[in-house]
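Biologist: Could you walk me through how some of the helices pack in this one?

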Amino acid sequence: MPDIDAIVQEIATEMRHRTDRGEVARYIPELARVDPHQFGLAVILEDGRVAAGGDADQPFSIQSISKVFTLTLALGMAGDDLWTRVGREPSGNPFNSIVQLERERGRPRNPFINAGAIAVTDLIVSGHQPRESLGEILRFMQFLAGDTSIAIDKAVAASERRTGFRNTALANYMKSFGIIDNPVDFTLGVYFHHCAIAMSCRQLAMAGRFLAHSGRNPSTGYSVVSAERARRINALMLTCGHYDGSGDFAYRVGLPGKSGVGGGILAVAPGHASIAVWAPGLDGAGNSHLGRLALERLTKAMGWSIFGV
Ligand code: DON
């Protein structure tokens with residue numbers, strides 16, 4: 001096997017020196033203050049070995065990457081009934097698109113665009129107080145990462161709550177079609193807060209290990225989901241995880257991956273590794289510019305694309 005430590009260091013060095021860093025997200029004021037010069041990468045192999053480079057231990061706002069974990073929780077609660085309220089097709093539209101929702105009568109295309117993730121969060125909230133649901137999501141992340149220090153960045157959550165007019169519009173619109181069961185404020189409150197969970201690349205790669213290994217953490221032996229469910233979540237990450245940039249990500253990187261506007265990406269090399277990368281500058285579709293480039297370098301060097309070496 002190629003020398004993963006050397007490859008990760010080489011990528012971290014290249015990314016540190018690149019000047020094309022993309023633009024940090026500005027629509028969430030607190031994220032606009034993040035220094036775009038940071039870069040982190042963590043790769044955790046099946047045997048538990050970790051190769052980490054750059055700012056791999058610096059916590060960042062995981063944003064939409066949290067949607068992978070809320071989807072996992074919601075599938076555990078509702079099983080396939082979830083798919084009556086959310087679809088499974090790529091959107092081909094920006095993550096916060098409103099027009100598509102009108103054309104499709106309030107049923108979001110997939111669980112990773114904002115409307116779909118809000119509908120998934122609503123399912124988790126049902127029958128609970130928002131605080132309990134949020135606690136459950138946070139504890140799930142801590143359990144998966146094996147780290148109880150993981151916390152929500154309250155300033156980011158408050159910043160998004162103050163300015164989340166579009167998400168409020170999406171949620172109200174879905175409510176008019178009966179896709180949202182709970183008060184819109186409750187569901188959005190939980191959604192904004194789970195998006196504001198702060199994690200490092202190392203913690204995030206730990207949390208994603210079950211997806212790389214048939215639903216099970218190979219180090220602890222704990223089963224999180226069935227192998228079939230892990231495969232299906234990976235399929236959704238591949239087809240929908242980067243919104244209208246999903247095709248390009250599959251073409252260049254060749255792995256299931258989920259991005260967030262904080263600049264993080266969780267990627268899964270089935271049977272090989274769980275990978276988290278972070279570079280705050282985004283491309284036009286709202287996905288990490290250098291994060292994608294780093295993953296492209298990594299999968300090429302390791303021969304990890306799911307489409308062939
Ligand atoms: O709802 C939002 O707009 C953000 N909390 C999450 C969006 C996001 O991360 C899109 N990903 N690239």
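Modeller: Let me begin with α8 and helix α9 (residues 184–195), whose axes come within 10 Å and cross at roughly 135 degrees. Here axes are lines fitted to C-alpha atoms, for helices over the stretch in contact, with angles from 0 to 180 degrees between N-to-C directions, and helices (H or I, at least four residues) and strands (E, at least two) are DSSP runs numbered from the N terminus. This is a predicted model, in which local features need pLDDT of at least 70 and side-chain atom pairs count only at pLDDT 80 or more, while totals for chains, interfaces and linings use all residues. Residues are numbered from 1 along each chain as its sequence is written, and side-chain values use heavy atoms, leaving out hydrogens and water.

Biologist: What does that angle make α8 relative to α9?

Modeller: It makes α8 oblique to α9, given that angles under 35 degrees count as roughly parallel, over 145 as roughly antiparallel, 65 to 115 as roughly perpendicular and the rest as oblique.

Biologist: And which residues make the contact?

Modeller: On α8 they are Asn167, Thr168, Ala171, Asn172 and Lys175, and on α9 they are Val184, Leu188, Tyr191 and Phe192, where contact means heavy atoms within 4.5 Å. By class, they divide into 5 nonpolar, 3 polar and 1 charged; Ala, Val, Leu, Ile, Met, Phe, Trp, Tyr, Cys and Pro count as nonpolar, Asp, Glu, Lys and Arg as charged, and the others, Gly among them, as polar.

Biologist: What about α5 and α8, at what angle do they pack?

Modeller: Helix α8 (residues 165–176) packs with α5 at about 60 degrees, and their axes are 10 Å apart, which makes α5 oblique to α8. From α5 the contact uses Asn114, Ala115, Ile118 and Ala119, and from α8 it uses Asn167, Leu170, Ala171 and Met174. That contact has 6 nonpolar, 2 polar and no charged residues.

Biologist: How do α3 and α5 cross, then?

Modeller: The axes of helix α3 (residues 66–78) and helix α5 (residues 114–125) come within 9 Å, crossing at roughly 45 degrees, so α3 is oblique to α5. Among the residues in this contact are Leu71, Ala74 and Met77 of α3, together with Ala117, Val120 and Ile124 of α5. The residues of the contact include 9 nonpolar, 2 polar and 1 charged.

Biologist: Is α3 mostly covered or mostly open?

Modeller: Mostly covered, with 10 of its 13 residues buried, meaning under 20% relative accessible area, whereas exposed is over 50% and partly exposed in between (1.4 Å probe, protein chains only). The buried ones include Val68, Phe69 and Leu75. After α3 comes Gly79, whose phi is positive, near 60 degrees.

Biologist: Switching topic, why does Gln142 count as buried?

Modeller: Gln142 counts as buried because its relative accessibility is 15%. It is found in helix α6 (residues 130–145) and, leaving aside residues up to four places away in sequence, touches Asp147, Thr148 and Ile150.

Biologist: Last one, what do the buried residues of α12 pack against?

Modeller: They pack against α3, α11 (209–212), α13 (246–252), β6 (257–259) and β7 (264–269), and they are Ala230, Ile233, Asn234, Leu236, Met237, Leu238 and Cys240.
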